[in-house]
Structure formats: structure tokens, C-alpha cells
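Colleague: I am new to this one. Could you show it to me before we talk it through?

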Amino acid sequence: MAKRRTPEERYKDNIRKQQQILEEFAAHEIEWADDLLMWYRIRKQEIPDDQYRAVAFFRNKEYLMKPGSLTLLYEMYLRCCRELPGYTKEIAFDLLAFRFTMYAEVLKTGGYDGGTNRG
């Protein structure tokens, strides 16, 4: 007969699963941050300050020093997935840029922007 897990064991398992989800999210968004920068370079456009702030937050792994920030960003990601239209070639850049604008807003609202806004 299988041993029943204690509430503490179940809690630790849940925390570990949530941590893994957030780590995968961060790795995914770091790649998208790099892609967004590349797309701006290809278009020969300057990335807006708010989007750059969100890109830097992921690329510099600032979320490691700011507890709770990655969870807020993940919640915004899920909201964008639910509420924005599906990605197509024609609007992929605009949707990604919008998502990073929303990340910047979440960081600012949550107090995680570190007062480094250049705008």
C-alpha cells in the first residue's frame, strides 16, 4: 500500500512545482526579450523605455533579487494569453511589444522598477 503524503510533503511538492513553472517562464521570457531587441534592431527603431525596462529586468535576472516580481509577471503573461488575439506573423511583433509594455507596467505598479525609469 502506498504511503500517504503528509500535508507538509504536499505543500513542499506544490512549492517545487510552482518554482519550476516560474523558472521555465523566466527562461522563456528571456528568449522573447532577446527576440524583441532583435526585432527592433531589424526594424531600425529605438525600443521604448518601458519595454526596454522589462527586457532588462528579464535579461539581468533582476527577479532573483526581487521576491514576488516573477509571480506578478507570470500572472500578466497568463492574462495576455487569455485576452490577446492569437499570434500571427502580421501581428507577432506588436503583441510581443505590448506584452513587454504590460510587464513594465506591472513592475512599476508592484514597486519593482527600482526607480530606474528613464521616461
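Colleague: At roughly what angle do the axes of helix α1 and helix α2 cross?

Modeller: Please keep in mind that this is a predicted model. The axes of α1, residues 7–42, and α2, residues 49–59, cross at roughly 135° and come within 9 Å.

Colleague: Is the crossing of α1 and α2 left-handed or right-handed?

Modeller: The crossing of these two helices, α1 and α2, is left-handed.

Colleague: Which residues meet where α1 and α2 touch?

Modeller: From α1, the residues are Phe25, Ala26, Glu29, Ile30, Ala33, Asp34, Leu36, Leu37 and Tyr40. They meet Gln51, Tyr52, Val55, Phe58 and Arg59 in α2. By class, the contact of α1 with α2 has 10 nonpolar, 1 polar and 3 charged residues.

Colleague: Now α4. How do the axes of α2 and α4 cross?

Modeller: Helix α4 covers residues 92–109, and its axis crosses that of α2 at roughly 80°, the two coming within 8 Å. That angle makes α2 roughly perpendicular to α4.

Colleague: And which residues of α2 and α4 meet?

Modeller: On the α2 side they are Asp50, Gln51, Ala54, Val55, Phe57 and Phe58. Their partners in α4 are Ala97, Phe100, Thr101, Tyr103, Ala104 and Leu107. The class count for the contact of α2 with α4 is 9 nonpolar, 2 polar and 1 charged residues.

Colleague: Which residues of α2 are buried?

Modeller: Gln51, Arg53, Ala54, Val55, Ala56, Phe57 and Phe58 are buried in α2.

Colleague: What covers the buried residues of α2?

Modeller: The cover includes α1, α4 and also α3, which spans 69–83.

Colleague: Let us change topic. How many disulfides does a search of the whole structure find?

Modeller: The search finds 0 disulfides. Cysteine 80 is in no disulfide, and its nearest cysteine sulfur, that of cysteine 81, is 7.1 Å away. A disulfide would need the two sulfur atoms within 2.5 Å. Cysteine 81 is likewise in no disulfide.

Colleague: Is cysteine 80 buried or exposed?

Modeller: Cysteine 80 is buried, at 8% relative accessible area, whereas cysteine 81 counts as partly exposed at 47% relative accessibility.

Colleague: What about the loops? Where is lysine 44 found?

Modeller: Lysine 44 lies in the loop between α1 and α2. Although lysine 44 is not a glycine, it has a positive phi of about 55°. At 76% relative accessibility, lysine 44 counts as exposed.

Colleague: What separates the C-alpha atoms of valine 106 and tyrosine 40?

Modeller: The separation of those C-alpha atoms is 22 Å, and valine 106 and tyrosine 40 are 66 residues apart along the chain.

Key: Residues are numbered from 1 along each chain as its sequence is written. This is a predicted model: local features need pLDDT of at least 70, side-chain atom pairs count only at pLDDT 80 or more; totals for chains, interfaces and linings use all residues. Side-chain values use heavy atoms; hydrogens and water are left out. Axes are lines fitted to C-alpha atoms, for helices over the stretch in contact, and angles run from 0 to 180 degrees between N-to-C directions. Helices (H or I, at least four residues) and strands (E, at least two) are DSSP runs, numbered from the N terminus. A crossing is left-handed if the near helix is turned anticlockwise from the far one by less than a right angle, and right-handed if clockwise. Contact means heavy atoms within 4.5 Å. Ala, Val, Leu, Ile, Met, Phe, Trp, Tyr, Cys and Pro count as nonpolar, Asp, Glu, Lys and Arg as charged, and the others, Gly among them, as polar. Angles under 35 degrees count as roughly parallel, over 145 as roughly antiparallel, 65 to 115 as roughly perpendicular and the rest as oblique. Buried means under 20% relative accessible area, exposed over 50%, partly exposed in between (1.4 Å probe, protein chains only).
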